[in-house]
Amino acid sequence: QVAWRPATVPARLPRPGQARPGSGRRRGLGWLFAACVVLTFANCAAWSWATWVYGSPDEATQVIHAAAVVRGQLVGTKVKSPTGGRTGVTVPQVFATGGQSSHCYAFQPTVTAACSPPVSSSTKPVTTTTYVGRYPPLYYLIVGLPSLAVVSSTGVYLMRLTSALLNALVISIALLAIALWSRRTLLMLAVMVAATPMAWFLGGMVNPSGFEICCGICLWTAGLVLVLEH
């Protein structure tokens with residue numbers, strides 16, 4: 001014998017023009033995510049524009065690696081150097097000559113960046129070295145994309161802004177995880193405390209350290225929500 005059971009009643013579909021259940025909350029979260037991206041991007045971008053080109057720590061060699069990776073030179077060729085760990089790459093000269101820009105004012109708080117020499121405007125390919133040539137290439141592949149279209153000092157600023165957008169997305173994902181799955185609203189404040197001014201500063205530069213910090217904040221935030229509440 002086969003037991004008879006009534007068929008389950010299908011969920012009632014919304015009428016034409018009627019919003020689906022929960023669609024208002026999804027739209028609200030979408031606006032929240034967009035607002036977080038805009039605000040965090042603006043914070044990093046402010047540092048991007050306020051800092052002299054090649055003026056952040058190690059940025060000159062980071063730009064070289066980004067410009068090389070996006071042109072297919074993921075590592076470069078090993079070269080002999082007193083410090084070791086350097087690789088040789090070929091990039092446009094404007095991206096290869098930034099190493100001397102900050103020497104006159106680095107570690108001197110009373111000297112402004114106006115002392116630095118003008119950035120080269122030459123687009124001629126030159127061979128140079130970088131000591132971050134063996135760093136993982138994914139970050140540099142994304143950040144280096146503007147250097148293909150704008151081969152000038154403006155391209156460096158666009159690379160910074162690309163990095164700022166990347167970091168803004170990661171921080172916003174952390175905030176969205178709290179809004180979606182956590183009942184602890186103080187976690188929002190905790191993320192803002194963890195994102196120190198140094199995190200925003202590095203987040204707006206061509207430097208993977210900012211991306212690592214933002215990814216760390218996102219990982220720990222989502223991990224705490226998962227482990228403690230789910």
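**Figure 1. Aromatic pairs in the predicted model.** A search of the whole structure finds 4 aromatic pairs. Rings of Phe, Tyr and Trp (its six-membered ring) pair if their centres lie within 6.5 Å; planes under 30 degrees apart count as stacked, over 60 as edge-to-face and the rest as tilted. This is a predicted model: local features need pLDDT of at least 70, side-chain atom pairs count only at pLDDT 80 or more, and totals for chains, interfaces and linings use all residues. Residues are numbered from 1 along each chain as its sequence is written, and side-chain values use heavy atoms, with hydrogens and water left out.

Figure 2. Trp 47 sits in helix α1 (residues 23–50) and Phe 201 in helix α8 (residues 197–203), so the pair ties together parts 154 residues apart in sequence. Helices (H or I, at least four residues) and strands (E, at least two) are DSSP runs, numbered from the N terminus. Trp 47 is partly exposed, at 34% relative accessibility. Phe 201 is buried, at 14%. Here buried means under 20% relative accessible area, exposed over 50%, and partly exposed in between (1.4 Å probe, protein chains only).

**Figure 3. Close-up of Trp 49 and Tyr 157, a stacked pair.** The centres of the two rings lie 5.1 Å apart and their planes meet at 15°, so the pair counts as stacked. Trp 49 belongs to helix α1 and Tyr 157 to helix α6 (residues 153–181), so this pair ties together parts 108 residues apart in sequence. Trp 49 is exposed, at 52% relative accessibility. Tyr 157 is buried, at 18%.

**Figure 4. Close-up of a ring cluster.** Ring pairs link Tyr 139, Tyr 140 and Phe 211.

Figure 5. Thr 61 is buried, with a relative accessible area of 6%. Leaving aside neighbours within four places in sequence, Thr 61 is in contact (heavy atoms within 4.5 Å) with Thr 130, Tyr 131 and Val 132.

**Figure 6. Context for the close-ups.** The protein has 9 helices and 3 strands. Along the sequence they follow the pattern α-α-β-β-α-β-α-α-α-α-α-α. Of its 230 residues, 38% count as buried. Among contacts in the protein with a separation of 6 or more, 78% come from residues 24 or more positions apart. The protein exposes about 13,600 Å², with carbon and sulfur atoms supplying 67% of it. Accessible areas come from the Shrake-Rupley method with a 1.4 Å probe; for residues, only the protein chains shown count as cover.
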